[in-house]
Amino acid sequence: MMEPILDISGLNLSFTTYGKRTQVLHDVSLRVGKGERVALIGQSGSGKTVTMRAIIGTLPIPPAKIEGGVIQFEGRDLLQMAKVERNRLKGTGISIIMQDPLLSFNPVLTIGRQMDDIVRYADVRLGSKRNSGLRKATILDTLQKVRLPDGAQIYDAYPMMLSGGMRQRVLIAMALLNKPRLLIADEPGTALDVTTQKEILKLLNQLVKEENLSLLLITHNLGVVREISDRVYVMENGHIVEEATRKDIFEQPRHAYTKKLMTSVLPLYGKRVRNFENNRQSDPKIEIQGVTKEFRGKVSFFSKKYRVVRAVDNVNLQIENGDIFGIAGESGSGKTTLAKMLLALHSPTDGQIKIDGRPLSNFSNSREFRRLIQIVYQNPGSSLNPKRTVTQALTVPLKFCGYDSTQIKSRISELLDMVDLPKSYASMYPHELSGGQKQRVAIARALSVNPKILVLDEPTSALDVLIQNTVIELLLRLREELNLTYVFISHDLSLMRNFCNRVAIMFRGQICEQGETREIFTDPQHAYTRALLSSIPVISEQEEQQKPKVTDAERQAVLASSTALK
Amino acid sequence: MIELSEQASTERFMTSRQMAWFRFRRNPAALIGATIVISVTMLAIFAPILSPSPQSAGSFVDFAHRHHPPSAEFWFGTDNVGRDIFTRVIFGYRISLSLVVGVLGFAVPFGVILGLLAGYFGGRTEFIIMRFTDVMLAIPPLAMALAITAVLSPSLVNAMIAITMLWWTWHTRLIFRIVKAQMSEDYVEAAKVAGASHAHIMFKELLPNCISAISVKISLDAGFVILFGAALSFLGLGVHPPTPDLGTMVSTGSEYLPEFWWEALMPGLAILYAILGFNLLGDGLRDMMDVEV
């Protein structure tokens, strides 16, 4: 075994909230060798972020309390170290890459200023001093390292002028500014689109090699782990339940929890893939004919000029009765705008949408229309009113569709039954429910007035992977029982492969490819589809082999690069 | 089938109300504030029973005990016509609190409804309501109050009207800001998709999310309304003598400074006490409910 740079042993940690003590970490032991890439995986709430914060010393104490254990960094115990000394290691010894590149910047300061602060304060801590010219040289040099060629331009740019991928690169550069020896990455790239995420992971791998870094990766995404680690620790409820090399963990997981995590990852190719067929009689439920949506914004208050953004551009789709129709695309591709037009929340600038054979304009928000099509939102935390109980949430659509109070009552208990929630939940508030349960309530609300079509706007992306599968099972069952048609909007192509019978890929407002799911995934025609599919992190070598191949030139042609200024 | 991990997270040992109470209890300032507010309210309600000489509240004269300094008999001393200042202070609280109830009873619903309308409908409605609010905010409050009371003749009710006309603006702005932020939450759109009416979305969906901010604001407001009312009557635009009003008492008492200092100081301290209570309570509620006002 390599000489360890970070060696945690027997770490016990508890939180005391509202007078009640909860042990969060149980005897956690973890080692990162010099030059090694170690991944710490687990579901949300398993304690991985707490572990990370214990290492970098940003836990609020109290309520947190370290009850025992040693965190050794290069042979010295961080927990015993004087505060001044520990501070000196910040950025120079241990550095961290934050999770969300969109939220980790101060929007009113230039990138250069924010990076300069990091160098300057590290100098202060170390008692050295560099002049501003030298500091700028260091910064430009580091930007070069993360493959951002226009360093000088980025230095003067404000965060909002950079794309998500570029901001992620700048965040990585910030972590590298003071030449750390251990880099901690918290869910790197998961806030970004898959194609950008792929580039970021590649960059991290290169940097670890070039800069001779050690890497501790914290993630819940097994696909990411496969691309960027040498050794893996699996965490469940504050316990390390398994430790193995990357090869072993994917080929022969030992612990039941690890196995469960593995099987919950949906396959993209291979035998485990579920092919979903629609065997109902063909009968078009939704027809989208040449639909275009433009948003106009005034350039400035006094100007008469308008800036036109074409979010959806001449889209034609036909969705049959019983279809689970997937609309895939990255952020900004126009898929959500399309969904909102289906629900008549936006009206198309051009073209026509027919639902159940009738043009949307014939309905005009009537009860009849609401009984035909409903939506389940991405984030149940936002789509359920925090101040209203489950019963109150479910009552709204019923009341406005003309149910009387006794009917409402019996319908609510029927609905809770339908989505497998106990009746006692009727009086609970959303914050008393888990994410999966909230999403069940949201599904129940959408189904309350017996619609024929459900629009599912990334219904599982806010949920943990294990819970995601139970929600998908529920949706499949309900489709059978209630004879539903789904329009499934997502960026998660693995999920789409296993859930939809037909898919359409959206790219910059247009449908670039559509057809039977199996055909699209095995033989994608459009370069963008191929680039997208090849970027999805998978968990086995066989799947890796079956992904479509894209040349760099093709990739450049279709993807917005994460290194060039907008 | 529901996953075990899903079940586990609903295990709870405290309801949200209990948690809020826990935070409140741990906050000494909030507890002091609550105690003060309760004591002021109790004193005001039971003033005729609690006061040592209820007749002092009216046009009672006792020249034998003029300008009597604070003592065991007269806790806060007596004024220029021999009335017990302590009695007048607790009767003064009655006036102050009825002013608070009157002002906030009109200003809050009015301001909240305008804020809801502006935030929910946006566009032209928002422009008209919010610009009108801005115009009202631009008028110096004291000048406005002076103008109104000058036209309507000074009395408690007219002072109330004057303060109300200025006070709703702050609630409009507060609610507007909250509603505007809430509008981007999916639950608003979800309610629209469910076919809910505008009134339902405004009052049943959005308003409950403003309640905690409103209650904090009301608590903080109460102190300022008392202060503003006292300022008006200090200037002679509020309640008429001999009705015991804290502002008037400070004003009359100040004529006898410095030798009979208690006559201005005691009512002044009484104002301070009440305002301090409402502000501490408001701050405590804000910490407890975690809202920005």
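At 28% relative accessibility, Arg358(A) counts as partly exposed, where buried means under 20% relative accessible area, exposed over 50%, and partly exposed in between (1.4 Å probe, protein chains only). Its side chain meets that of Glu368(A) in a salt bridge of 2.7 Å, N to O; the term stands for a side-chain nitrogen of Lys or Arg within 4 Å of a carboxyl oxygen of Asp or Glu. The pair links distant parts of the chain, with Glu368(A) in helix H12 (residues 367-370) and Arg358(A) in strand S15 (residues 358-359), ten residues apart. Glu368(A) is partly exposed too, at 46%. Helices (H or I, at least four residues) and strands (E, at least two) are DSSP runs, numbered from the N terminus.

All of this comes from a predicted model, in which local features need pLDDT of at least 70 and side-chain atom pairs count only at pLDDT 80 or more, while totals for chains, interfaces and linings use all residues. Residues are numbered from 1 along each chain as its sequence is written, chains are lettered from A and ligands numbered from 1 in the order in which they are written, and side-chain values use heavy atoms, with hydrogens and water left out.

Over all chains, the count comes to 39 salt bridges. Another of them joins Glu199(A) and Arg169(A) at 3.3 Å, N to O. Here helix H7 (residues 194-210) supplies Glu199(A) and helix H6 (residues 164-176) supplies Arg169(A), so the pair links parts of chain A that are 30 residues apart. Arg169(A) counts as buried, at 4% relative accessibility. Glu480(A) and Arg479(A) also meet in a salt bridge, at 2.9 Å, N to O; Glu480(A) is exposed at 55%, whereas Arg479(A) is buried at 2%. Shared partners join Arg113(A), Asp116(A), Asp117(A), Arg120(A) and Arg135(A) into one salt-bridge network.

Chain A also holds an open sheet of six strands with mixed pairing, in the order S16-S17-S18-S13-S19-S20; two strands pair if DSSP finds at least two bridges between them. Strands S16 (373-376) and S20 (510-516) are the edges, each pairing on one side only. From one strand to the next, the twist averages 20°. S16(A) pairs with S17(A) (residues 453-457) in the parallel sense over four bridges, and Gln374(A) has Leu454(A) as its bridge partner in S17(A). Helix H16 (residues 435-447) of chain A lies across S16 and S17, running at about 170° to S16(A). For such angles, axes are lines fitted to C-alpha atoms, for helices over the stretch in contact (heavy atoms within 4.5 Å), and run from 0 to 180 degrees between N-to-C directions.

Chain B, for its part, has 13 helices and zero strands. Of its 293 residues, 51% count as buried, and its C-alpha atoms fill a box of roughly 85 × 50 × 30 Å along the principal axes. In helix H9 (residues 186-193) of chain B, seven of the eight residues are buried, among them Tyr187(B) and Val193(B). Gly195(B), with a positive phi near 90°, follows H9(B).

H3(B) gives the most to the patch, with three residues. Ile45(B), found in that helix, is partly exposed at 47%.
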